Amino acid sequence: NPIVVKDNPQQNLFWGDTHGHSGFAEGIGTADEFMRFARDDSRLDFVTHSEHDLWVDAREWLYLKDMVRKYHEEGRFIPYLGYEWTIANPQGGHHNVLFRTPENREMVPGALYPTLSRLYQGLRESYDPKDVIVIPHAHNTGDYRQSDPELEPLVEISSMHGNFEWFGRMYLKHGHQVGFIAASDDHLAKPGYSIPWRNSLAQKGGLGGVWASELSNDKLFDAMRSLSTF
């Protein structure tokens, strides 16, 4: 891959996966295996274990919080608490929701907030928008006619399901100022390393690149919110 060489760079490039699953939903593997693979095998800088909200109960949500705290290490590896808001396309489609920190965070689930506008409303009522990132994706399509300018800074345009540049362009066409990111959507507890499913049209999963001044929880999160991604 091409590289950029600079003296005393103000920004560094960090790699992560904001969309992955394990056996908590329809996949396999444990949350602990998910985090260890992200850190030690894929060698990611950051990751989000984003299980479908309709399959995560209160006890499992607490456990996912514990995993974020357990593996968090400033300067080495940054896991973010998150989930996948899982609603049918006519009501808004699937969206990943990431939180800046795990403390005092609860899901705003599709069961109680069953349309995209309700999701935005629920997140705004519960949290400071600066502590939340919502990311739609093209398979189980997000609704590019709607995009909260404070909550939804990024659009996922590549994953193991394919490349979807058209999807990002539709957000721009509708006047939304958004950045782009890729992820794996791996379901085998192997974030950052997804392989095509046999006899399918799937591809290797994507990665998100983030430009930030340092590998820290806040710097990465703020960089994603400011569209410093590809």
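Biologist: Which residues of β3 are buried on one side and on the other?
Modeller: In this predicted model, I78, Y80, G82 and E84 are buried on one side of β3, and P79, L81, Y83 and W85 on the other. Both faces are covered.

Biologist: What makes strand β3 largely enclosed by the rest of the structure?
Modeller: Buried means under 20% relative accessible area. Of the 8 residues in β3 (residues 78–85), 8 are buried, so the strand counts as largely enclosed.

Biologist: How do you know that β2 and β3 pair?
Modeller: Pairing needs at least two bridges. Strand β2 (residues 46–52) is joined to β3 by 7 bridges, so the two strands pair. They run parallel. S50 stands opposite G82 in β3.

Biologist: How does the chain cross from β2 to β3?
Modeller: Through helix α2 (residues 58–71), in a β-α-β crossover.

Biologist: Why is that crossover called right-handed?
Modeller: With the strands pointing away from the viewer, the path over the helix must run clockwise. The crossover from β2 through α2 to β3 is right-handed, so its path runs clockwise in that view.

Biologist: What makes β3 and β4 a pair?
Modeller: The cut-off is again at least two bridges. Here 4 bridges join β3 to β4 (residues 95–99), so these strands pair too, running antiparallel. E84 stands opposite N96 in β4.

Biologist: Which residues lie nearest the centre of the largest pocket?
Modeller: P2, I3, V4, L13 and W211, out of 14 lining residues. The pocket has a volume of about 400 Å³. Its lining divides into 9 nonpolar, 4 polar and 1 charged. Strand β1 (residues 12–20) gives the largest share, 3 residues.

How values were computed
Residues are numbered from 1 along each chain as its sequence is written. This is a predicted model: local features need pLDDT of at least 70, side-chain atom pairs count only at pLDDT 80 or more; totals for chains, interfaces and linings use all residues. Side-chain values use heavy atoms; hydrogens and water are left out. On a 1 Å grid over the protein atoms alone, a cavity is a set of points where a 1.4 Å probe fits but cannot get out, and a pocket is an open set with protein on both sides within 12 Å along at least five of seven lines; lining residues have an atom within 4 Å of a point. Grid points are joined across faces, edges and corners, and a volume is the space filled by probe spheres set on the points. Ala, Val, Leu, Ile, Met, Phe, Trp, Tyr, Cys and Pro count as nonpolar, Asp, Glu, Lys and Arg as charged, and the others, Gly among them, as polar. Buried means under 20% relative accessible area, exposed over 50%, partly exposed in between (1.4 Å probe, protein chains only).
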